[in-house]
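Here are my notes on this model, as numbered points. Please read them beside the coordinates.

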Amino acid sequence: MTIKPLIILPDPLLRQVSAPIERVDSELLTLADDMLETMYDAPGIGLAGIQIGVPRRILVIDLAREGEEPAPQVFINPEIVKFSEEGSVYEEGCLSIPEYYAEVERPATITVRHIGRDGKEHVVEADGLLATCLQHEIDHLNGVLFIDHISRLKREMVIKKFTKAAKGK
């Protein structure tokens with residue numbers, strides 16, 4: 001497994017819509033393992049392919065808390081097929097927008113259809129942190145960042161800060 005460099009705001013790649021995956025093969029499973037290793041190293045609880053420069057519809061999540069057994073999940077071509085009217089607010093952060101956090105409201109429960117590591121279709125009913133994390137990572141696959149869900153003023157301040165930092169490197 002290889003730890004990959006993370007794509008950081010304002011990199012325009014983060015706004016790219018990721019392409020569907022045609023088949024699950026050993027190359028894709030290696031990518032999933034590399035993504036998990038990168039996510040754990042960061043550390044984070046979710047990572048989309050685009051965040052390591054791979055514009056394909058794959059994301060990984062592990063919501064295990066410190067001291068718990070790892071519980072990695074791989075979602076290939078995930079699609080939200082149902083969501084609740086009821087909202088839920090979580091403070092979100094993002095590995096591609098380091099050290100910035102904001103409260104975001106999203107649907108409280110969702111149903112996601114996806115392909116698993118086994119190449120078979122699965123359906124997941126999610127609420128709580130899993131629902132929030134899945135929506136956050138699926139947004140990445142669609143070129144959307146969590147800061148797109150906050151006020152325009154706050155979003156512009158964040159983008160300006162990261163653009164200035166990028167120019168300084």
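How many salt bridges does a search of the whole structure find?

1. The search finds eight. A salt bridge here is a side-chain nitrogen of Lys or Arg within 4 Å of a carboxyl oxygen of Asp or Glu. Side chains of opposite charge can pair when their charged atoms come close.

2. Some ground rules. This is a predicted model, in which local features need pLDDT of at least 70, side-chain atom pairs count only at pLDDT 80 or more, and totals for chains, interfaces and linings use all residues. Residues are numbered from 1 along each chain as its sequence is written, and side-chain values use heavy atoms, with hydrogens and water left out.

3. Helix α1 covers residues 26-41. Helices (H or I, at least four residues) and strands (E, at least two) are DSSP runs, numbered from the N terminus. The expected span is 1.5 Å times one less than the number of residues. For the 16 residues of α1 that gives 22 Å, and the end C-alpha atoms are 22 Å apart, so the two values agree.

4. Which residues of α1 are buried? They are L28, L31, A32, D34, M35, L36, T38 and M39. Buried means under 20% relative accessible area, exposed over 50%, and partly exposed in between (1.4 Å probe, protein chains only). An α-helix has 3.6 residues a turn, so residues three or four places apart point the same way. The cover over the buried residues of α1 includes β1 (46-48), β2 (58-61) and β3 (73-83).

5. D34 also carries a charge pairing. Its side chain meets that of K4 in a salt bridge, at 3.9 Å from N to O. K4 sits in the segment before α1 and D34 in the helix, so the pair ties together parts 30 residues apart in sequence. K4 is partly exposed at 30% relative accessible area, whereas D34 is buried at 7%.

6. Next, R106 and E92. Their side chains form a salt bridge at 2.7 Å, N to O. R106 belongs to strand β5 (residues 97-107) and E92 to strand β4 (residues 87-94), so this pair ties together parts 14 residues apart in sequence. R106 counts as buried at 5% relative accessibility. E92 counts as buried at 4%.

7. R106 has another partner. It forms a salt bridge with D139, with the closest N and O atoms 3.0 Å apart. This one links strand β5 to helix α2 (residues 128-141), where D139 lies, across 33 residues. D139 counts as buried at 15% relative accessibility.

8. Taken together, E92, R106 and D139 are linked in a network of salt bridges.

Notes:
Contact = heavy atoms within 4.5 Å.
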